[in-house]
Amino acid sequence: MKLRFSKRALVATVAVAGLAAAGVMAPAHAATRSTVVIHETNAFTSLNTGTPDTNLTTNTDITYLTGIGFNYYDDKKSLIKNTTFGSYKISKNSATDFRTTWTIAPGRVWSDGTPITGEDMMLGIVLNSSKYSIKAGLGDPNDEKNPPVFNSISYGGTFDSHVVGVPTLSADKMSVTIQFDQPIPNWDLFGPGVSPVHTIVALANGKTSLLSASEAAAAKTAFATAVTSYDTATLKKYAKVWNDDYNVTKIDSSTNPNLLVGNGGFLVSSAVTDQSVTLKPNPKYNSGPKLSGGIDTVVFRFIADGTAASQALSNGEIDLYQGQATADAVSQLKAMKGVTVVGGTSSCYEHIDLRTNAVQGSKDVYKGIFADSNPAGKALRQAFMLAYPREEIVSKIVKPVNSNAVVPGSTFVMPGQSNYGVVIAGNGSAKYSTGTQEARTAAALKIVKRYYPNASASNPVAPVRLEQPSPNARRAAEAALVVPALAKAGFKVTAVPTTGWSGKLDNTEWDAEFYAWCPSAVTQTGTNDNFLTGGGNNHMGWSIPELDKALRSLESVKSDAAVNRDIITAERIINDNALSQAIFQHPAVTAYNSTLKNVKPAPLSPTLVWNYWDWTY
Amino acid sequence: MFAYIMRRLGVLFVILFGSSFILYNLAAISGDPLEGLRTSSEPSAKQQIITLTRELDLNVPPPVRYFLWLRGILGLFVGKLDFGNARNGQAVSTLVQHAIPVTIRLVTMATVVAIILGITVGIVTALRQYSRFDYAMTFVSFLMYSLPVFWVAVLLKQYLAIRFNTFLSNPNVPIGWNIVFSCVTGIFWAGVISGNRKRVSQIFFGVALGNAALLQLLSTLNWFTHPGLGPVVLFGAGIGVAYGVTQISVGINNKAALRASQTMALLALISYYPSQYLLKHSPHVSTLLLMLLFTLLLGAGVGRIFAKIDRGPIMRTSTLTGLVLAFLMLLDKLMQTWFPYLSTDAVNGRPVPTIGQMNALLDQSDFWMSTLDTLMHLVLPTIALTLISFAGYVRFTRGTLLDVLNADYIRTARAKGLTERTVIMRHAFRNTLIPLTTIIVVDFAGIIGGAIITESVFGWVGMGTLFRQAIGSFDLNLLMAVFFITASLSVLANLIADLLYSALDPRIRVGAGK
Amino acid sequence: MALFKRKNVELASADASENAIANKETEGLSQRQIVVKRFLHHKVAVASVFVLVTLTLFVYTALDFKLGPWKIHGWWKYKIEDIPELRTADCAGGNVGCPTWSLRPKFLGGAGIGFGEHPFGQDDIGRDYFALVMKGAQRSIMVMFIVGIVGGTLGTIIGAIAGFFRGTVDAVLMRFTDFVITIPSIIIGSVIGFHFGNLGATFLALYLGLFSWTGLSRLVRGEFLKLRELEFVDAARVAGASNRRIIFKHILPNAVGVIIVTVTLLMSGAILLETALSYIGFGVVAPDVSLGLLISQYQDSFTSRPYLFWYPGFFIIAIALSVNFIGDGLRDAFDPRQRRRLTLKDRRVGRAEKKAVE
């Protein structure tokens, strides 16, 4: 024991001697910050986001910083034209020949100094058109046995169905014109896309350094020629590059510089597998809004666990956090010093659907309480919707996360969009939102009593089976609120927690289902698949001819006012038949280092980074 | 013996084949890999379904698809092991190649710390069975064993990272904390050493006051932002180490060993500046290895000079002392890197990170900075993992040692008049190590399978994270790769454990009863 | 019996007097009596039994208890399905649904000693957290016992048979054990979850039990391999005892120490395993509730509404700790070679006796 005392004393004495001599240096001080560290849930897997494997949030966010095109979505879901980069217009508009022309402003350059020209818009047709792919001998995207050589995610959909031939390059090679066989609504979303095609050629030729100006020009011509002449062999070579070469997770000085060429405000400078990607400003950037200049490094850091990410923010390891936070995480974030919390919404919205039939084309028959075949079906659906506790769900489950949350009055248009007010004024949603919930529940009970005379608030008898997606804490809480609330209107709801729920949506066992849709763009026809008879996402067997007619009418080019009129017509039918109601928009919480300015989270991809050029300290 | 091993290996392959077949089929029917796409409103969803079906052979029934997978695995024998592609198109072998070193780095440190601490505490509690210290340690280890790891992680991050980093911006230990720390330290040492009431209170007050004074001193000197040992402290500590190591290794009465160890401390003092110079100007792993070799040679040499008889133990003692001192010197160098590390823009005055394996912003070209960075990122996960596996080792060591201490040969050893130290260190402890070794082997293999939760809460992408990812997204190839590696390791480890057990303990024959 | 033979040898050792004291206590007692007596001396273990029994009764009587057609009403006013009004007014710091239990009497400005309306507070949607914690504790205790019983029985039987019969039986059983070790139980869980929906906590516990016996069986096998070579086994065999009798009456009691410790570790491990599974979404599924599910759901409430984090955590720790201590006590009680710690009183008495003898 003596030893221990003497040792301690010795340590103390010596510490005085040693450290006093060293003297007290200045305390640590933080340098002016010019770095933004952004949290992402998943790891970075590729610089090419166009394949089914790599079309992931992290990849699209990062490539958004390294490349910019003709337009982008802002935080109000409006499509903003990037006039610095170029312009676009309808150049011909007839019933069978519809053309759009896309022109790049002169002087725009890639980060390697090569000018951006019309040839750079020629890759799109190869990636988007099944007809082109088949004609060029590059495989048939719709045939499992003959897969497309370009492993592109973009085949199928409006562009693919209506595009004609190959886009034509103008004489000055600064614009291309795309031809369609009919007018296309939201045609401005179906542009040609811009990519540095000279680097694809360079990579295909095995180059490991950047091309000279003349080599680049030759490469561009070679690429455009290969596309317009349906040159199968050459295109296959390019396909290999496009499919595989961009899939890198580790980037350093040994990475082929041709992979990193872009026209965005930042360029990838390094990446550590599964950990982070670092970007530095692009000195030659002139394709979009001016950079604020306050940021000289952007780092994307991958953290899968939400709690871990918010603790990392409070420890100063990240500057920008976005996630589906819980109420507690939000109050924890709010309590942090130097952290600003913005409650917002993601593009997802939760909705409750009621079944009317089995899905078209299935052999099942739906004979449940809400069936069209049941004379009381429609009235009971209305009663169910009246009593559905949407406000209670929003106030207890959503508001603690996003205090601005409201119950949406439409499934076509969400609060915050410019036409939201117009739509809900006329779409008949008022029926389910006027008065108090108590009054609506009482009205619902009256309806139920008509068909189930012994029903009462204490004796719920009208049987409803509700599919509850599981495992999911928020959905469990929703179900826990729904069951007693609907019991007050005489409904005996059985909420069934279901794993693998999405594969079981068509099951006629369910009278009601609630889950979320997450649209990635704002289009006129975005919800058609959900409501059309036999639509791919119509899991409740809805089939109403007038509704189909209104939805079909949205499939043509028309003015905003005309679009709103069609939406109102469609929604009036949906509300009158009590098919579907939106419950809430999924909350998304953004929290960031308060010294960072101009962070404006947006609901649509690329949510947080859409205005990276404005960020500054 | 050889035949036995070959037979076991043969059976091992059969087991792996059987369980992988069953698992593959079970996993294939455990969910729908296209689930997310089916409810997607994206226009490209149908396209993606076609692509994924093709890439993952989803139209082939699972029992047949298993053999497609097996073909890739059997490539092992021709040097072309192919685990297939993960859902996101990345080659599974690449993913696994990245994950294994991460898991090993994460787990090795924690396991080593847990084993050392666990065995030490286990021995002390066995020797002081039913003492207050024994009860306290039993309580503490069971308590740690009862804590969910993600819970521990949240608490550790809050207190050891966020709060500690904030403390560093104004590094003065508040008086309240100082009192608490000092009391806890006092209680701990009083418990370990124990004795009659007077002695216990003496120890308690002595240690607590010493500790309080030291903490106060360190905070006045800004030691927490400018740590370091310096040659004088190093020498002082060296003398202490010399006494300690000698006591444990051969007993303090062995004067030759004590002299040798003290000489090592003196040599450390002399070589302080030269070695600092070397570490600063030649920062490579090779330098460290050379210094290690030098220390070993020096230790052995000094031991040999002092030893008249019984050279082995004395050389061992002086070498051990040398190693501890070399470690302290290295620690000193890292401490000197602390302040520059703190002041970098990347660290921004907050050195204890809560996530990740490295700081992406830090310039990794400086050897000492990047070493310190790696170590700092290991701190929290290591503590968390150590806490949960600590209890097992403590209980096991305690139990085994108690069993051994009751054995006849221990009584014989005591009867021969050997000192208690010799009886415990040489006779009892060594026999305790036999079952411990086998347990450790099995543990290690199990742990490669990944600390699923620990990895994900600390943002490390190792085998556990891959496994969780695979299950979450029904990624069959990824899942099977993780399974194949962990299952092979665990079956192999059980075999090794069995062989080791029989090799260490001659009373047990493998394949007995034939 | 072999046990006493060993004791007799010990008498010869240096500290014979202490042994004499210890031995004296066991004179004329059956083994069961010795075990009980030794166990009662382990105060912490005894306290743990008390805590565990009280806790179990407390949580199981709190809520309605249904067994077939019978239903016993619980003493607590809320059920987990109830959704009372979410309180907002009387909580500090803008929180909602804070706990109401109080130990501060009214005359000191507190709410009075008692539970109040929602002793542990309310969750996000207003459910009574006390009721949730009680239900969760019921689930966790049940999971723990089922895993302990299933895993313990399987592990003991398989290990005992393998170790006793050796040879082919041993090889087959041990390779079967290896086989089970390789299969991650989480996969089985997700297969079942996907195809049969949520089958509830009982089922979860059963299949966890079916996968948790491997470690135990290896240990028991080791013990049996060792014990079967000892003289008393030969003696029993010579006396004509059947294999079954030798396994269960002669060897098993001697291996019981190892079994008990492992099973208690297994049981407290089961609580944590369930917690971990719930955390990654493969454990108990809402609307059912377990302590693990609660604690993982509210892991980030630690700074804002710490009570949602601490109460289930407290119950997990209390249950796991007491089970471990009981195991510790049982181990010491069953281990025939272990000497009890001598209290000061024993020593005094011993010294006095020694003097008297001299």
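This is a predicted model: local features need pLDDT of at least 70, side-chain atom pairs count only at pLDDT 80 or more; totals for chains, interfaces and linings use all residues.
Now, which residues of α4(B) are buried? They are Pro62(B), Arg65(B), Tyr66(B), Trp69(B), Leu70(B), Gly72(B) and Ile73(B). Looking down the helix axis, those buried residues of α4(B) fall within an arc of 150°, so they line one face. There's a general point behind that kind of pattern: an α-helix has 3.6 residues a turn, so residues three or four places apart point the same way. And what do the buried residues of α4(B) pack against? Two helices of chain B, α1 (2-28) and α20 (476-504).

Let's move over to chain A. Here we've got 617 residues, and 57% of them count as buried. Chain A has 18 helices and 16 strands. The C-alpha trace of chain A spans about 90 × 85 × 45 Å along its principal axes. If you take the contacts in chain A with a separation of 6 or more, 69% come from residues 24 or more positions apart.

Now for a sheet in chain A. Four strands make an open sheet, and going across, the order is β4-β5-β7-β6, with antiparallel pairing. Which strands stand at the edges? Those are β4 (86-93) and β6 (163-169) of chain A; each has a single partner strand, so one side of each is left without a neighbour in the sheet. From one strand to the next, the twist averages 15°.

A hairpin through 4 residues joins β4(A) to β5(A). If you want to find a particular pair on screen, Asn93(A) has Phe98(A) in β5(A) as its bridge partner. As for β5(A), that strand is mostly covered, with 5 of its 7 residues buried. Carry on across and β5(A) meets β7(A), residues 175-180, through 6 bridges, the two running antiparallel. There, Trp102(A) stands opposite Val176(A) in β7(A).

Last stop: the disulfide. How many turn up over all chains? A search of the whole structure finds 1. The disulfide joins Cys348(A) to Cys518(A), with the sulfurs 2.0 Å apart. Where do these two cysteines sit? Cys348(A) is in strand β12 (residues 339-354), while Cys518(A) is in the loop between β15 (512-517) and α16 (528-531), both in chain A. They're 170 residues apart, so this pair links distant parts of the chain. The link between Cys348(A) and Cys518(A) is right-handed, with 110° about the S-S bond.

Are the two ends buried or exposed? Cys348(A) is buried, at a relative accessible area of 11%, because the cut-off for buried is under 20%. Cys518(A), at 37%, counts as partly exposed. And over in chain B, Cys183(B) is partly exposed too, with a relative accessible area of 30%.

Methods:
Residues are numbered from 1 along each chain as its sequence is written. Chains are lettered from A and ligands numbered from 1 in the order in which they are written. Side-chain values use heavy atoms; hydrogens and water are left out. A disulfide is a pair of cysteine sulfur atoms within 2.5 Å. Buried means under 20% relative accessible area, exposed over 50%, partly exposed in between (1.4 Å probe, protein chains only). The arc is that of the directions from the helix axis to the C-beta atoms. Contact means heavy atoms within 4.5 Å. Two strands pair if DSSP finds at least two bridges between them. Axes are lines fitted to C-alpha atoms, for helices over the stretch in contact, and angles run from 0 to 180 degrees between N-to-C directions.
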